[in-house]
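Notebook open, viewer running. I want to jot down what I look up as I go.

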Amino acid sequence: MSSVRGTGTVTTPADDVVPMLGATRGRPTVPRGGLRLRHAVLFGGLALALGACVIVSAGAGQLPVAPAEVWTSLLRGLGLSDAPEALPNTDSALWNIRFPRIAMALLIGAALAMAGTVMQAIFANPLAEPGVVGVSSGAALGAAAAIVLGWTALGDWVTATAAFVAGLGATLVVYLASRAGGRTEIVTLVLTGIAINAFAGGALAFLTFIGDTGSREEIVFWQLGSLNGARWPEVAVMLPLVVTAGAAALVLGRTLDLFSLGERGARHLGVRVEAVRIIAIVVVAVLVCSAVAFAGIIAFVGLIVPHLMRMVIGPAHRPLLVASALGGALLLLLADLAARTMVPMADLPIGMLTSLIGGPFFFWLLRRTRRRSGGWG
Amino acid sequence: MSRQQQEARAATGTGAVTDASARLALTATGLAVEIDGARLLEGVDFTAAPGRVHALIGPNGAGKSTLLAALAGDRATAAGTVLLDGTPVAQHAPKALARLRAVLTQEHMVSFPFPVREIVAMGRHPWAGTDAADDDDLAIEAAMAATDVSHLAARTVPSLSGGERARVALARIVAQRTPVLLLDEPTAALDLKHQEDVLRLARAHAAAGATVVVVLHDLNLAAAYADDVTLLRLGRVVATGAPAEVLTAERIEAVYGQPVDVVPHPRTGAPLVLPVR
């Protein structure tokens with residue numbers, strides 16, 4: 001060993017810091033039990049709120065149904081009760097119209113919120129959101145092309161497939177265009193989103209221009225977003241997609257945490273960055289595109305929900321994904337309830353509502369992020 | 001107790017690797033690295049031996065960080081090979097590689113407000129599912145104590161100062177418990193005491209058998225703590241060897257373009273580099 005080292009006596013680092021262990025500076029250490037309690041309270045609270053809102057939402061509408069009657073009808077439909085209907089047509093209204101619509105709201109809300117969470121993780125940026133960066137409008141463009149160009153004649157799945165392919169393409173473009181050195185700068189991400197949204201908007205306008213009246217109405221539906229007309233067969237398609245992609249996201253959970261260190265940091269910890277990135281992009285595309293295929297563009301759910309959940313339980317991705325799924329389902333359920341009941345005899349586009357709330361929220365988040373990083377980091 | 005024994009004893013308490021069988025050499029031969037057509041490294045031969053601290057020094061743009069990235073397996077090489085434990089670094093599976101070497105980069109940003117303890121715990125990821133995972137809590141606590149961040153455990157990273165962030169990043173690297181440590185400017189942003197602490201930590205790991213490569217700007221720190229020094233300039237090795245051999249006044253002036261006096265430290269005799277003012 002060299003003889004030219006400078007310290008006369010070796011102080012062990014451990015000796016140096018023993019007095020520090022009492023945590024005299026900074027906030028006191030939160031015991032990990034405290035976080036577990038927070039998880040339990042949040043998950044339990046969201047689940048309860050979801051259950052209550054499902055009952056209330058099912059009862060609301062032109063044919064009001066009391067919560068107790070909704071509950072009985074639910075049990076009756078599942079073969080667990082043989083009590084008679086209090087009002088005629090209650091079961092028919094609930095099971096044919098409201099329950100499938102509620103199921104769809106839950107699935108799409110969960111899908112969009114989880115997609116936002118995964119996207120923010122792989123972009124290592126809390127402002128990434130499928131709607132903002134243009135994935136949703138890419139998917140809507142695919143769906144609109146299928147409608148106007150008459151591909152729908154090939155089968156029921158064509159619209160959804162076209163939405164999926166175009167959305168996947170938009171995701172890839174965003175990813176490739178906005179990354180530099182393993183990170184995504186906010187300004188690049190938002191500008192890429194503007195470019196993609198502008199292109200998709202122009203193409204949608206072109207399709208609207210050349211389409212016939214029926215096609216135009218359908219395209220407007222994609223752009224505004226609505227759960228009107230959701231039926232069980234669509235739920236049956238959506239359910240396995242959301243469950244599979246959601247499960248894949250949960251499996252990636254711990255790995256997604258490591259992306260917070262940047263791609264280089266994640267690679268140093270043994271993550272196969274390229275493989276995880278591709279899987280995550282496919283997961284995002286499946287979640288967003290299936291939602292868009294059945295309900296059109298519903299923006300900002302993937303931004304608002306993960307952000308609020310992160311404020312409560314922190315950024316660890318496994319619990320965050322579960323919380324986001326529950327929170328997204330709840331948010332969309334409430335938004336759809338508002339869309340159905342705010343204006344009597346009218347069904348407002350739900351995407352319009354989420355954008356009216358989400359736009360200012362995004363602005364606030366942008367300002368806050370800018371303030372914190374002292375510029376457009 | 002001899003100094004080496006003292007260091008070894010200190011190391012066991014600081015999350016250092018104590019497995020003497022895991023002594024790995026890191027060598028590069030004829031290494032060249034190219035980015036966008038620019039040769040950042042050319043014909044670099046380099047050896048870091050287990051049990052030693054090897055400092056990389058040189059002026060800005062000399063290729064220190066590029067060499068460290070190539071040693072870490074981050075950069076594709078235009079020519080030459082990097083061998084870790086006798087195997088090309090690119091041929092180690094990512095997870096296996098993460099159990100052999102830990103890398104401290106200059107960038108310590110964390111995208112989400114993770115608590116400090118969770119960041120340090122990420123260093124244990126390569127060991128998930130192995131027997132070593134039983135020691136996770138021990139490794140995390142020891143690493144945080146060794147880098148003086150225990151009192152920050154519940155704070156979130158964005159609320160920390162630059163120096164605190166750097167120490168948290170170092171704690172994560174220490175918690176990884178690898179036989180090879182690659183540290184890129186670990187003393188930048190640190191105050192006087194923490195600079196010395198970090199290099200004492202590096203020495204303790206080397207004493208326990210680890211291979212430590214550290215990029216340093218402070219030539220006096222390199223002279224005081226490194227066993228070997230490699231001086232780079234414009235992507236080439238100018239000199240390599242013991243600090244007293246490499247750090248001569250004529251060589252430093254030639255490489256840095258700054259006249260210096262090199263005098264022996266009054267107490268330890270290590271070279272002291274003093275710019276002529």
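This is a predicted model: local features need pLDDT of at least 70, side-chain atom pairs count only at pLDDT 80 or more; totals for chains, interfaces and linings use all residues.

Among contacts in chain A between residues at least 6 apart in sequence, what percentage join residues at least 24 apart? I looked it up, and the figure is 77%.

**Chain A, overall**

I counted elements next. Chain A has 14 helices and two strands. For burial, I found that 47% of its 377 residues are buried.

**The nonpolar core**

Which residues touch the most other members of the largest nonpolar core? I got Ile108(A), Val118(A), Ala143(A), Leu287(A) and Val288(A), in a core of 201 residues. I then checked which element gives this core its largest share, and that is helix 4 of chain A (residues 90–123), with 20 residues.

Leaving out residues up to four places away in sequence, Val288(A) touches Leu112(A), Ala115(A), Pro130(A), Val135(A), Ser136(A), Ala139(A) and Gly167(A).

**Chain B, overall**

On to the other chain. I find ten helices and twelve strands in chain B. Its radius of gyration is 18 Å, close to the 19 Å that the globule rule gives for 277 residues, so chain B is as compact as a globular protein of that length. I also noted the span of the C-alpha trace along the principal axes, about 50 × 45 × 40 Å.

Burial in chain B comes out at 54% of the 277 residues.

**Helix 2 of chain B**

Why do I call helix 2 of chain B largely enclosed by the rest of the structure? Eight of its nine residues (64–72) are buried, and a residue counts as buried with 20 or more other C-beta atoms within 10 Å of its own. I wrote down the buried ones: Lys64(B), Thr66(B), Leu67(B), Leu68(B), Ala69(B), Ala70(B), Leu71(B) and Ala72(B). After the helix I find Gly73(B), with a positive phi near 85 degrees.

**The 2-1-4-5 sheet**

In what order do the four strands of this open sheet in chain B run? I read it as 2-1-4-5, with antiparallel pairing. Strand 2 (38–48) and strand 5 (87–88) of chain B are the edges, and each pairs on one side only.

I went through the pairings one by one. Strand 1 of chain B (residues 26–35) is joined to strand 2 by seven bridges. Two of the partners I looked up across that pairing are Leu41(B) for Val33(B) and Phe46(B) for Ala28(B). The hairpin of strands 1 and 2 of chain B has two residues between the strands, and Asp36(B) takes a positive phi near 50 degrees there.

Then I looked at strand 4 of chain B (residues 79–84), which pairs with strand 1 in the antiparallel sense over five bridges. Here I see Ala32(B) opposite Ala79(B).

Last stop. How many bridges join strand 11 of chain B to strand 12 of chain B? I get five, between residues 260–264 and residues 271–275, running antiparallel. The partner I noted for Val260(B) is Pro275(B). These strands of chain B form a hairpin with six residues between them, and Gly269(B) in the turn has a positive phi of about 85 degrees.

How values were computed. Residues are numbered from 1 along each chain as its sequence is written. Chains are lettered from A and ligands numbered from 1 in the order in which they are written. The radius of gyration is taken over C-alpha atoms; the globule rule is 2.2 Å times the number of residues to the power 0.38. A residue is buried if 20 or more other C-beta atoms lie within 10 Å of its own, exposed if 12 or fewer, and partly exposed in between; C-beta atoms are placed from the backbone. Two strands pair if DSSP finds at least two bridges between them. A nonpolar core is a set of buried Ala, Val, Leu, Ile, Met, Phe, Trp, Tyr and Cys residues joined through C-beta atoms within 7 Å. Two residues are in contact if their C-beta atoms, placed from the backbone, lie within 7 Å.
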